[in-house]
Amino acid sequence: MIGMVSLGCPKALVDSERILTRLRAEGYAISPDYIGADAVIVNTCGFLDSAKAESLDAIGEALRENGRVIVTGCLGAEPDYIREHHPKILAVTGPHQYEQVLDAVHLAVPPSPDPFIDLLPASGVSLTPRHYSYLKISEGCNHKCKFCIIPDMRGRLQSRPAHAVLREAEKLVQVGVKELLVISQDTSAYGVDIKHATDRGHRAHITDLARDLGSLGAWVRLHYVYPYPHVRDLIPLMAATSESGGLILPYLDIPFQHAHPDVLKRMARPAAAAKTLDEIAAWRNACPEITLRSTFIVGYPGETEAEFQTLLDWMDEAQLDRVGCFQYENVAGARSNALPDHVADEVKQDRWNRFMEKAQAISEAKLAAKVGQVMQVIVDEVDEDGATCRTKADAPEIDGNLFIDEGFEGLSTGDIVTVEVEEAGEYDLWGRII
Ligand code: SF4
């Protein structure tokens, strides 16, 4: 029996799922707790110093509760750092080193002589509820944003062949997945490294892939898209009014990070020169129902009050639907650490408060405008108090919910039903089935 603790982003979750799938295929059983496990794999995150601390704590807890611990994931790229804190771990492997993780498990817990004890479910092991699933289309990144060490940890962009992505997606849909969440470090760059090769009739380009995925009949949601000009070609696949519309959800998760061109340049962001307000206007023009989600960093080294004010003004114009915001933090190994004029903590906090106040007001007004509208929602959970659902505008785990408090008894997880929105809060909606 093997236990697994999975930390970090949705991408790390996909890695955990792959490791568990392989282990199940080899006949290992998966333990839901520390006590029953013969060894525990901790899949770590090393993105921010706070995430590193959380990973070290998780390793410590697994050592205390179980004692036989294998570490993998992003923090695994720094084995000396981990061993310095936890010398008793059995093995450390880096991100995506599936084979090495399996070797470490084989050493710690020799495989069962009968590899067919546990038959592999058709979809592999999914750590997300079965009605939605993350679909990783590439690994790594060709950019060098100064605050980010992912390219150092995960290497350059490596796109999966389009037919392999599609085959995985088809299998997921066959076993009941209703929503596919497309993830990578840079979704709009998909296929650049393999020159957008066509393999078995499928071209490795995000527009083609989105169209192919959209034809499977599940909701398809795109995350981590950069505002390159070709993103405009994706919008007709979303717009209800266009001929090819409705194939993928009218939703784009675009990590803008900032709006001032000088800050973006200091961050070395991809598409830093893009006229983002013009792009947003063009997307909304082609698809008025589009939901835009983004993340931002405030207090980046050298950020002046005027630059921050530009970001606030930009938000007034951009009217993004969903927004996450981080205060800048140094990350060991990131080039931004060496930039001059780091911003004081209290200034970062103040800017974060002002930014979030604005973002919240925009979200509240946008949600209030939805009262009275009729829309489809997907059911995530049903208990005795009601059904927790999401609209097409809400990604799981990061966006809001729509709650149904009455007449929900016949609903099951994964159902897609039509509701009328009756009430709106700052981030969530309430509705009734019609
Ligand atoms: S685009 Fe920038 S932030 Fe995103 S993974 Fe690549 S280097 Fe990191």
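Strand E1 (residues 2-6) pairs with E2 in the parallel sense over two bridges. Two strands pair if DSSP finds at least two bridges between them. Strands (E, at least two residues) and helices (H or I, at least four) are DSSP runs, numbered from the N terminus. This is a predicted model: local features need pLDDT of at least 70, side-chain atom pairs count only at pLDDT 80 or more, and totals for chains, interfaces and linings use all residues. Residues are numbered from 1 along each chain as its sequence is written.

**Exercise 1.** Find the strand order of the open sheet and explain why E2 and E5 stand at its edges.

Step 1. The five strands run in the order E2-E1-E3-E4-E5, with parallel pairing.
Step 2. E2 (30-31) and E5 (91-92) each have a single partner strand, so one side of each is left without a neighbour in the sheet.

**Exercise 2.** Decide how H11 and H12 are oriented, and list their contact residues.

Step 1. The axes of H11 (residues 305-318) and H12 (residues 345-368) come within 10 Å and cross at roughly 5°. Axes are lines fitted to C-alpha atoms, for helices over the stretch in contact; angles run from 0 to 180 degrees between N-to-C directions.
Step 2. That makes H11 roughly parallel to H12 (angles under 35 degrees count as roughly parallel).
Step 3. H11 contributes Phe 308, Leu 312 and Met 315; H12 contributes Arg 351, Arg 354, Phe 355, Lys 358, Ala 359 and Ile 362. Contact means C-beta atoms, placed from the backbone, within 7 Å.

Conventions. Parallel < 35°, antiparallel > 145°, perpendicular 65-115°, else oblique. Contact = placed C-beta atoms within 7 Å.
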